[in-house]
Amino acid sequence: VFLRARLLDDAAESLEAVGELEKAVEVLFAANQPQLAAQVLERIILRLRRQGRIAGLPRLLKAQLHLVERAAGALNDPRREAAHFEAGVLVAELLADHRAQALFWLGLVDRYTLDGTVDAEVALSRLAQAAQAAKQARDRVLELRIANRRAEILLGAGEIEQAVSCSKEAMEILDIPEAQDTHACHIIGTRLRCLSLAGQLAEARRLHDIAKPLAARVPVLQRQSYISGIAYLAVLGNEPERAIPETRQAIEQLRAVNITRMLISPLHNIGDLLLRSGDLEQAAEAFKEALRLAGLHGFLYQINLNAGFLGYVIARMGQVEEGAAMLAEARRGMQPIQNEQFAIQQLRLLDAEVAHMLGQSPRARRELEEMLADFQSTSELSLAQWAQEALSRIERDRGTSFIETPEEPESQPASPDEDTVRTKPLR
């Protein structure tokens with residue numbers, strides 16, 4: 001179907017093949033081939049922009065909406081997708097379609113198009129544009145989706161309390177009967193991340209148990225937020241087996257549709273889960289593959305994140321100096337990247353652990369004490385617990401004890417037999 005569509009488009013001199021291309025798009029989506037469908041959509045968009053004139057604008061807008069709503073991330077090139085969404089804003093404005101305007105503004109802040117060069121203020125400004133258009137369109141579901149994306153941006157910026165509040169608002173989508181499963185699944189994934197980071201693990205576990213049947217009905221391309229959310233819960237809750245089966249299934253499905261760009265985050269998550277399970281060799285393989293794919297697509301954030309975790313695993317496996325050097329380089333590479341404070345904090349914590357392995361316990365203790373105070377002041381309770389456990393472990397190794405360990409009723413205590421603390425997943 002895809003080859004036929006491509007040949008038709010190559011042979012066409014004007015718009016005569018657009019109808020057949022539109023049919024091919026539907027066939028490819030029905031066959032669970034979003035990457036191929038996105039490529040055909042791009043051909044339709046480019047031809048209509050060149051030759052459709054004013055009469056072709058409604059048809060052009062329809063193709064652009066299919067791309068943003070059904071195939072986000074499928075082009076394997078965030079810059080090309082962002083360019084299509086920017087053009088979509090203009091077309092929607094010309095046609096006075098407020099709902100479409102909101103969707104394209106939201107698409108420009110989507111996790112598949114937003115890169116580390118855009119700061120949180122720019123992203124939140126775009127979301128304000130999206131919210132205004134959604135309000136004009138009187139689309140409550142779209143308003144809640146925008147609130148959800150605002151929660152994700154705030155989460156990346158380290159504003160945990162605000163993110164929890166926004167995600168709570170977005171959860172109203174579960175009370176709207178006409179809301180699609182894909183949108184509800186995305187919002188649930190964000191809520192799981194917020195609750196897990198805020199230390200509200202019991203509520204997050206209940207939400208996961210409720211959400212499983214809904215997530216099973218959602219295509220893997222629209223299930224990324226949920227997969228990330230259950231990885232947060234599983235690792236922060238010290239029960240990696242909770243998320244391993246669903247994460248492995250998502251990876252298999254993404255391999256089947258050959259969307260390598262979308263594999264990177266689940267591969268990192270499965271590596272994190274395997275690391276928490278104690279399977280260092282398999283964790284290292286997952287981080288290596290994620291690192292390779294991140295390099296292939298030029299995603300600096302994922303390159304540094306996975307390099308840092310891989311360095312930590314290498315240190316755990318006995319090559320401490322080599323792992324420490326890799327982790328230090330990843331930390332330096334992560335510093336200029338916007339909207340990823342959580343990742344930066346993870347690498348700081350891992351670096352402190354490796355410093356202790358190198359015999360630099362005073363430095364490790366000093367940095368962990370600073371991080372513990374910071375995390376407690378910003379309500380990042382799961383990160384605070386991580387720092388607390390690391391400090392306790394250092395003092396036990398050194399034969400001293402000065403730390404008061406607060407009660408954590410929802411958190412499971414670390415095993416004294418483990419030689420490190422838990423690690424954390426990231427989207």
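Predicted model: local features only at pLDDT ≥ 70, side-chain atom pairs only at ≥ 80, totals over all residues.
Residues are numbered from 1 along each chain as its sequence is written, and side-chain values use heavy atoms, with hydrogens and water left out.

Back to Ile-244, which is found in helix α13, residues 244-257 (helices are DSSP runs of H or I, at least four residues, and are numbered from the N terminus). Leaving aside residues up to four places away in sequence, Ile-244 touches Ile-270, Leu-273 and Ser-277 (contact means heavy atoms within 4.5 Å). Lys-168, over in helix α9, counts as exposed because its relative accessibility is 59%. Here are two C-alpha pairs side by side.

| Pair | Apart in sequence | C-alpha to C-alpha |
|---|---|---|
| Ile-244 and Leu-273 | 29 residues | 6.9 Å |
| Lys-168 and Leu-296 | 128 residues | 36 Å |

Now for α17. This helix takes in residues 320-334, 15 residues in total, and reaches 21 Å from its first C-alpha to its last, close to the 21 Å expected at 1.5 Å a residue (the expected span is 1.5 Å times one less than the number of residues). Which residues of α17 are buried? They are Gly-323, Ala-324, Leu-327, Ala-330 and Met-334. Those residues sit on the same side of α17 because they cover an arc of only 125° around the axis (the arc is that of the directions from the helix axis to the C-beta atoms). An α-helix has 3.6 residues a turn, so residues three or four places apart point the same way. Glu-321, Glu-329 and Arg-332 are exposed on the other side of α17.

What do the buried residues of α17 pack against? Their partners are α16 (300-316) and α18 (341-357). The α17 and α18 axes come within 10 Å and cross at roughly 155° (axes are lines fitted to C-alpha atoms, for helices over the stretch in contact, and angles run from 0 to 180 degrees between N-to-C directions). That angle is why α17 is roughly antiparallel to α18 (the label applies over 145 degrees). Among the residues of α17 that meet α18 are Val-320, Leu-327 and Arg-331, and the α18 residues on the receiving end include Ile-344, Leu-347 and Asp-351.

Conventions. Helix = DSSP H or I, 4+ residues; strand = E, 2+ residues; numbered from the N terminus. Buried < 20%, exposed > 50% of the residue type's maximum accessible area, 1.4 Å probe, protein only. Parallel < 35°, antiparallel > 145°, perpendicular 65-115°, else oblique.
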